[in-house]
Amino acid sequence: MNSRPASFDELDRKIITALMTNSRTSFAEIGTAIGLSATAVKRRVDRLRETGVITGFTATVQPSALGWRTEAYVEVYCEGAAPPRRLAEVVRHHPEITAAMTVTGGADALLHVRARDVEHFEEVLERIRAEPFIRKTISVMVLSHLIPESPEAGASHPAPQAAPDVR
């Protein structure tokens, strides 16, 4: 993949918009809509992928169908200055964390967490809090999505299986 800044024109924008709306749209359908041949659309898509403008194609799935029934955002507050690279290492160990970013404001990071249920969420939260440099967390549970077609409303991978109860 090329690291130089990508340049693209209005036709590229139309192609990107069509693919973002439905990534299964054929090159022929896109070409008909914007006045290009399917071959020309394919060449442009290949170039957009090569330059890193298009980073992949994915399916958006109803989270509950994959076992994710609980969702929250978690603000993470660290002791001292935790480097983003260290935070990234930690979040990669939690499959329930679907997005993580450093942020401005009081918190050091914001995590998007999906869980099977509230009990599972609590267990995930305890694992996150067990990291030695995490001072505190503040959680906000999601009740509903006001924009149901947004990427945040979908899921990208299934929920992990529940651990067997060994009481």
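Trainee: How much space lies in the largest pocket?

Mentor: Please bear in mind that this is a predicted model. The lining of the largest pocket is made up of 25 residues, and Met20, Thr58, Ala59, Thr60 and Pro151 lie nearest its centre. The space in this largest pocket is about 720 Å³.

Trainee: Which element supplies the largest share of the lining of the largest pocket?

Mentor: By class, this lining holds nine nonpolar, twelve polar and four charged residues. At least two lining residues come from each of α1 and β3. The largest share, four residues, is supplied by α1.

Trainee: What is the volume of the second largest pocket?

Mentor: Its lining comprises 19 residues, with Gln62, Pro63, Glu71, His145 and Ala153 nearest the centre. Seven of the lining residues are nonpolar, eight are polar and four are charged. The volume of the second largest pocket is about 300 Å³.

Trainee: Which element gives the largest share of the lining of the largest cavity?

Mentor: The count of cavities of 30 Å³ or more comes to one, and the largest cavity holds about 40 Å³ of space. Its lining consists of Val76, Leu87, Val90, Val91, His94, Ile97, Ala109, Leu111, Ile128 and Ile134. Two or more of these residues come from each of α4 and β3. The largest share, three residues, comes from α4.

Trainee: How many residues of the lining of the largest cavity are nonpolar, and how many are polar or charged?

Mentor: The names in the lining include Val76, Leu87 and Ile128, as well as His94. Sorted by class, the lining has no charged residue, one polar residue and nine nonpolar residues.

Trainee: Which residues touch the most other members of the largest nonpolar core?

Mentor: In general, nonpolar side chains of soluble globular proteins tend to be buried together. Here the largest nonpolar core has 18 residues. The elements giving two or more residues to this core are β1 (70-78), α4 (84-91), β3 (109-115) and α5 (118-129). The members that touch the most others are Val74, Val76, Leu111, Val113 and Phe121.

Trainee: How far apart in space are Thr70 and Val113, C-alpha to C-alpha?

Mentor: Beyond its neighbours within four places in sequence, Val113 is in contact with Thr70, Glu71, Ala72, Val74, Glu96, Ile97, Phe121 and Val124. Thr70 and Val113 are separated by 43 residues in sequence. In space, their C-alpha atoms are 8.3 Å apart.

Trainee: Which side chain is joined to that of Asp12 by a polar contact of 2.9 Å?

Mentor: Asp12 is located in helix α1 (residues 10-21). With a relative accessible area of 2%, Asp12 is buried. Apart from neighbours within four places in sequence, Asp12 is in contact with Ser7, Arg44, Arg47 and Leu48. The side chain joined to Asp12 by the polar contact of 2.9 Å is that of Arg47.

Note on methods
Residues are numbered from 1 along each chain as its sequence is written. This is a predicted model: local features need pLDDT of at least 70, side-chain atom pairs count only at pLDDT 80 or more; totals for chains, interfaces and linings use all residues. Side-chain values use heavy atoms; hydrogens and water are left out. A nonpolar core is a set of buried Ala, Val, Leu, Ile, Met, Phe, Trp, Tyr and Cys residues joined through side-chain atoms within 4.5 Å. Buried means under 20% relative accessible area, exposed over 50%, partly exposed in between (1.4 Å probe, protein chains only). Contact means heavy atoms within 4.5 Å. A polar contact is a pair of N or O atoms within 3.5 Å; within protein, one must be able to donate a hydrogen and the other to accept it, and residues adjacent in sequence count only if both atoms are side-chain atoms. On a 1 Å grid over the protein atoms alone, a cavity is a set of points where a 1.4 Å probe fits but cannot get out, and a pocket is an open set with protein on both sides within 12 Å along at least five of seven lines; lining residues have an atom within 4 Å of a point. Grid points are joined across faces, edges and corners, and a volume is the space filled by probe spheres set on the points. Ala, Val, Leu, Ile, Met, Phe, Trp, Tyr, Cys and Pro count as nonpolar, Asp, Glu, Lys and Arg as charged, and the others, Gly among them, as polar.
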